[in-house]
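Please keep the viewer open as you read.

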Amino acid sequence: MRYRLLDATRAYVLETSIDDADSVDLAERHATYYRRLLKQIGIECSSLATGEERILHFAAVSNVRAALEWCFGASGNIDIGVGLAAAAAPLFLAMSLLSECHRWSERAIIALDDGARGGLDEMHLQAALGVSLLFIRGGRDVALAALERSLAIAEERGDALDQMRLLGPLNMFHLRAGNFAIALKYAQRGFGAIRTVEDSVAVSVAHHLLGISLHLRGDLAIARLELEAALDRGPQSQRTSAAYLGFESKVLAHAILARNLWLQGHPDQAIKLARKAVVDAVAMDHSLTLAIALIWAISVFLWSGELQSAGAYIDLLISRAESHSLGPYLLAAHGFKSDLAIRQGDAEGGVQGLQDSLRGLHEAPYELLTTELNLSLARGLSALGQADEAISLIDESLAQVETNGNLLYTPELLRSKGSILLLLPEPDRNGAEACFRQALELSRRQGARAWELRAAIDLAKLVAARGNPDGACALLRPIFGRFVDGPSTDLKTAESLLTTLRALSPPVCVRTHPTAKCQQSELPADRRLLQFTPNGDFEDRIVDEITSASNKRVDAA
């Protein structure tokens, strides 16, 4: 319990004249009190998951600011200031006050004397500096140096829990910097460390970090198990990870699991879980957690063709990123907005916006979503008739994901390349077919049914255009039949294509999901020959009819 003076008494005291010695004494006692208080509530605040629960504990933030200003001022006390800054870091992180966390952590680190180097305060300050820089500026070297210094101190001290807490931010740093293979190693290292700690939040974080790294590598089945394990925290702990990770990892696990489910062929479940992640983040009243939930949930809505929901969430992300100086998230949000513009027909504006966003994200660097945005940019470029530029961009992206370990998008990159090869002045049908078949094979290895369905749709169009609608039906029908969750934009496209194949000419593809079989109508031999002997007029006709029936699908990156 804390007490507050009556307003009249406060006004009287503030106007009372005191000499310099008394002023310094009062300021020192004030700073010392809040250093002690913050060390106490630093433990408590990790169990407070909502803004309403935190408000009483965080009412002291103005006093903390004033105390820090005095400590590092001309007549202040540096020793007290260093301890106060270290104690205040969890408070600033829990309130998403990242700029203040960065400012005071950096100031305190500079003020450390030789005797304080390598101690507990430096460990906490370096971690706070690294985490705050990570989210407001991206994967810069100074953030990495701070996190590695903090981990080195934790290792020297032999504290397994502190080491576990620092492996998380290091994993996130390398994910943002585009070093996906290195990030996976940190996640695996953290997962191995949970055997030595008895902290359910740390265990949950370890599962979540491994899950997201495996998700981005394309190991969807194992990623799902890890993400579900992260959410199965159990009743023994209600604490959050925001006080030392910077955000609530349980919310991020929900958002990543939503993406994972969509890719595995469960669009309805994915949309529901993505909405839950955002709702839970809003209830927490923690802006960084909300921004992270949004940046992953938006993908699900764009992929599903839920453009109205995607637009609303993009606007919310822009608002939160602007108000909390979350530079990389703001760039990504504008990238998503440009992606949305392309899907809604504004290819020129969307391409310009994506190019600007990607330039900023590369400079940050913040590479978590650049492959996804490159897919959108390639689609926009092809819509503007710049197919050669789009193919070059996809080839660059394929080389990058192979190098950095972000293999999740490889099937979709190949499918998109195949589609664009068909838009060249002289369509490369053989090259397109090779891309589609490779995309099918890789998506099956990943267990990415959503990518597989898209590749099957495009390959079925090509097969039918070559005069083999029966082969197109046989290719697409079993893949389509495995989906029991829906409807989604891609499922509607597949169903429309199967119907179109049936209407074009025999052999007829009759579909009654999920056990439909292709049936051939009896026709004179000359008509059957026509269906299987491609010629220019027939190929043009079938391409036109399939394209007009299927182009309502909004290709998603």
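**How to read the values**

This is a predicted model, in which local features need pLDDT of at least 70, side-chain atom pairs count only at pLDDT 80 or more, and totals for chains, interfaces and linings use all residues. Residues are numbered from 1 along each chain as its sequence is written, and side-chain values use heavy atoms, with hydrogens and water left out.

**The chain as a whole**

The protein chain has 28 helices and 2 strands; these are DSSP runs numbered from the N terminus, with helices (H or I) of at least four residues and strands (E) of at least two. Of its 557 residues, 56% count as buried. Here buried means under 20% relative accessible area, exposed means over 50%, and partly exposed is in between (1.4 Å probe, protein chains only). Among contacts (heavy atoms within 4.5 Å) in the protein chain with a separation of 6 or more, 67% come from residues 24 or more positions apart.

**Two helix pairs**

Start with helix H4 (residues 61-71) and helix H5 (residues 78-94), whose axes are 9 Å apart and which pack at an angle of about 150°. Axes are lines fitted to C-alpha atoms, for helices over the stretch in contact, and angles run from 0 to 180 degrees between N-to-C directions. H4 and H5 are therefore roughly antiparallel to each other; the word applies to angles over 145 degrees, while those under 35 count as roughly parallel, 65 to 115 as roughly perpendicular and the rest as oblique. H4 passes H5 in a left-handed crossing, a label used if the near helix is turned anticlockwise from the far one by less than a right angle, with right-handed used if clockwise. On the H4 side the contact includes Val-61, Val-64 and Leu-68, and on the H5 side it includes Ile-80, Gly-81, Leu-84 and Ala-85. The residues of this contact of H4 with H5 divide into 12 nonpolar, 1 polar and no charged. In this count Ala, Val, Leu, Ile, Met, Phe, Trp, Tyr, Cys and Pro are nonpolar, Asp, Glu, Lys and Arg are charged, and the others, Gly among them, are polar.

Now turn to helix H16 (residues 287-304) and H18, whose axes come within 11 Å and cross at roughly 20°. That makes H16 roughly parallel to H18, and their crossing is left-handed. Residues making the contact include Leu-288, Ile-292 and Ser-299 of H16, together with Phe-336, Asp-339 and Arg-343 of H18. The contact of H16 with H18 divides into 10 nonpolar, 1 polar and 2 charged residues.

**Salt bridges**

How many salt bridges does the structure hold? There are 25, each defined as a side-chain nitrogen of Lys or Arg within 4 Å of a carboxyl oxygen of Asp or Glu. Three of them are listed here.

| Pair | Closest N to O distance |
|---|---|
| Asp-315 and Lys-337 | 2.8 Å |
| Arg-454 and Glu-412 | 2.7 Å |

Asp-315 forms its salt bridge with Lys-337. Asp-315 lies in helix H17 (residues 307-323) and Lys-337 in helix H18 (residues 327-343), so the pair ties together parts that are 22 residues apart in sequence. Asp-315 is partly exposed at 41% relative accessible area, and Lys-337 is partly exposed at 37%.

For the next pair, Arg-454 forms a salt bridge with Glu-412. Arg-454 lies in helix H24 (residues 449-465) and Glu-412 in helix H22 (residues 410-421), so this pair ties together parts 42 residues apart in sequence. Are these two residues buried or exposed? Arg-454 counts as buried at 0% relative accessibility, and Glu-412 is buried at 1%. Both belong to a network of salt bridges that also links Arg-415, Asp-458, Lys-461 and Asp-490.

Glu-433 and Arg-437 are 4 residues apart in helix H23 (residues 429-446), separated by about one helical turn. Glu-433 counts as buried at 19% relative accessibility, whereas Arg-437 counts as partly exposed at 43%.

**Two single residues**

Leu-134 is found in helix H7 (residues 120-137) and is buried, with a relative accessible area of 1%. Not counting residues up to four places away in sequence, Leu-134 touches Ala-143, Pro-169, Met-172, Phe-173 and Arg-176.

Arg-107 lies in helix H6 (residues 98-111) and counts as partly exposed at 35% relative accessibility. Arg-107 and Ala-85 are 22 residues apart in sequence and 8.6 Å apart in space, C-alpha to C-alpha.
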